[in-house]
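Please keep the structure in view while reading.

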Amino acid sequence: MEDLTKEQKYLLLSMYKEVLNRQPALSMEEANYFEDSNVVQELILPDQSSDYVSDLCWKLKAKDYIHCTPGDDLANDIALTDKTIIYMENRFKNSIKDITLFLTNFLPF
């Protein structure tokens, strides 16, 4: 993740935290699904514009941290890649507690 900006890291970590929060109520596949960048914006970066969050998603896709498809000027059908999930599982052994603590380092970015 050394190739990411603070904003990109914050978004990626926040998305992973959201995936963990959705489990075990949902399967991993269902938990790791975000309809589009507007949903991500509402959940994670409500103070940012939709265009800004879409742009962050496209940059993360270009670096193979998320999967998404284009449409209606949004990133659609967003999911964390296996590469990202494996990194997060190895980096944050205590899951949500470690992620929350790590995310506090980014505020405000």
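Which residues does Met 15 touch, not counting residues up to four places away in sequence? In this predicted model, Met 15 touches Phe 34, Val 40, Ile 44, Ile 66, Ile 78 and Leu 80, where contact means heavy atoms within 4.5 Å. Residues are numbered from 1 along each chain as its sequence is written, and side-chain values use heavy atoms, with hydrogens and water left out. Because the model is predicted, local features need pLDDT of at least 70 and side-chain atom pairs count only at pLDDT 80 or more, whereas totals for chains, interfaces and linings use all residues.

Met 15 belongs to the largest nonpolar core, which has 30 residues. Such a core is a set of buried Ala, Val, Leu, Ile, Met, Phe, Trp, Tyr and Cys residues joined through side-chain atoms within 4.5 Å; buried means under 20% relative accessible area with a 1.4 Å probe, protein chains only. Leu 11, Leu 12, Met 15, Val 40, Ile 66, Ile 78 and Leu 80 touch the most other members. Elements giving two or more residues include helix H1 (6-22), strand S2 (66-71) and strand S3 (74-80). H1 supplies the largest share, 8 residues.

The protein chain as a whole contains 6 helices and 3 strands, which are DSSP runs (helices H or I, at least four residues; strands E, at least two) numbered from the N terminus. From that terminus, their order is α-α-β-α-α-β-β-α-α. Of the 109 residues, 41% count as buried. Among contacts between residues at least 6 apart in sequence, 55% join residues at least 24 apart.

Methods. Buried means under 20% relative accessible area, exposed over 50%, partly exposed in between (1.4 Å probe, protein chains only).
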